[in-house]
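Keep the viewer open as you read.

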Amino acid sequence: MTDTSTDPRDDILGRARVRDNDELAAYYEDLASHETGALWTVANDIEPWEPTPKSAVVIWRHKKLREQIFRSLELVKPEDAGRRVVFLRNPKRKDVSAACGWLFSGIQIMRPGEMASAHNHAASAQRFIMEGKNAFTVVEGHRLTLDARDFVITPNGTWHEHGVREDGEVSFWQDALDIPLTNALEANFYEVHPENFQGSNLPWNASPATYGTPGMLPAREKWGAFYSPLMKYPWDKTYEGLQNFASVSDGDPFDGIILKYVNPNTGGDPMATMGNAMQMLRPAEHTKAHRHTGNVIYQVARGKGYSVIGGVRYDWEEKDIFCVPAWTWHEHCNLADNDDACLWQVNDFPVMEKLKFYREQAYPENGGNQEITATA
Ligand SMILES: [Fe+2]
Ligand SMILES: [Fe+2]
């Protein structure tokens, strides 16, 4: 006999609450022999009352990881590794190599003069630079230099390569891709460029020079691609924008001062499947808690503070990375009284929104903040 217990919440009209007996057990065996099953034996599991996130909350502290990231410089060459990346592995998502939910993330490090060869894949990709100077990415012939806290996109299906220019410094960045999602949807492709590197006659940083003027677009130029023509979002403009916004706004109760990276042509997300934002917590700001569908990976771009995620306090500082699994309560706090803190994020909200799955809820108790039950 199988377990006949029922979750009290499911013991109502409208949920499956059939109690097992010997006759049914024999019936289930017969159904199984025909590659079939009785829906009521699995219905409550496959249709939970609310999302049941598969990922653990994880914080990857930079001070602990830094040495390991630099070790990879000595151990492998980019031309052998393809990409020299230490990836962030969620202990509950090892089967799909995800950092959180259906998002992959890792830290890639390169020396001046090193290049990873050109390739393309069906998964979307992006980079948030953590440290360095004159790293670069080439996206469909658009050559972009990258310094600390710059953000760059590599839309799905575009040829891209990256490295650090000879005049640069050792650089590392956080990669984020929707590889697990693309694989779950059985839609992934990967190609190596036939000539290994893209040739380009475009001037360096033509994309931000053409499309990076706030509120303006070139009058004559036509951009036909589905992704953003602005591919690089430099930190100085992002930070200036946050400060300007903060000077005239009380901010969002759950996120403080938050700006999304957008496609200037559409106002929508720069890429199809992943979204990004930078948020600023003003001195001593402590947000209210909320939860929503969609998975989020944060990187601390500036400052010191903590987030309470599922009742547990996670202290963070610059370059730390942490994740908030779907439908998990979270709130953020800046510990500095006299300085702001900034959190960069990558999320899968564009997928949630396009599929009409996005939902959000404010924490209803305790004045809107969680009780802290533990510190990680
Ligand atoms: Fe790639
Ligand atoms: Fe949130």
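Predicted model: local features only at pLDDT ≥ 70, side-chain atom pairs only at ≥ 80, totals over all residues.

Residues are numbered from 1 along each chain as its sequence is written, while chains are lettered from A and ligands numbered from 1 in the order in which they are written.

Start with the overall form. Along its principal axes the C-alpha trace spans about 75 × 55 × 50 Å. The chain is divided into domain 1 (8-46) and domain 2 (59-211 + 228-375). These bounds come from an automatic or database domain assignment. The C-alpha centres of the two domains lie 43 Å apart.

Next, the secondary structure. The chain has eight helices and 21 strands. Both are DSSP runs, numbered from the N terminus: helices are H or I with at least four residues, strands are E with at least two. Contacts here mean C-beta atoms, placed from the backbone, within 7 Å. Among contacts between residues at least 6 apart in sequence, 75% join residues at least 24 apart.

Burial is a neighbour count. A residue is buried if 20 or more other C-beta atoms lie within 10 Å of its own, exposed if 12 or fewer, and partly exposed in between, with C-beta atoms placed from the backbone. By this count, 39% of the 376 residues are buried.

Now look at strand β5, residues 125-139. It is mostly covered, with 12 of its 15 residues buried. Which strands pair with β5? Two strands pair if DSSP finds at least two bridges between them. β5 runs antiparallel to β8 (residues 160-177), over 12 bridges. In that pairing, A135 stands opposite V164. β6 (residues 142-146) is also antiparallel to β5, joined by five bridges. There T137 has L144 as its bridge partner. β7 (residues 151-154) pairs with β5 in the antiparallel sense too, over four bridges. Q126 is bridged to I153 in β7. The hairpin of β5 and β6 has two residues between the strands, and in it E140 takes a positive phi near 50°.

Move on to the core. A nonpolar core is a set of buried Ala, Val, Leu, Ile, Met, Phe, Trp, Tyr and Cys residues joined through C-beta atoms within 7 Å. The largest one has 69 residues, and A99, L103, I297 and C323 have the most contacts inside it. β5 gives the most to this core, with eight residues. Leaving out residues up to four places away in sequence, I297 touches A99, L103, I321 and C323, among others.

Finally, two asparagines. N205 has a positive phi near 60°, though it is not a glycine. It lies in the loop between β9 (190-192) and α6 (206-211). N205 is partly exposed, because 18 other C-beta atoms lie within 10 Å. N366 also has a positive phi, of about 55°. Its loop is between β20 (360-362) and β21 (374-375). Is N366 buried or exposed? N366 counts as exposed, because it has 9 C-beta neighbours inside 10 Å.

Note on methods
Contact = placed C-beta atoms within 7 Å.
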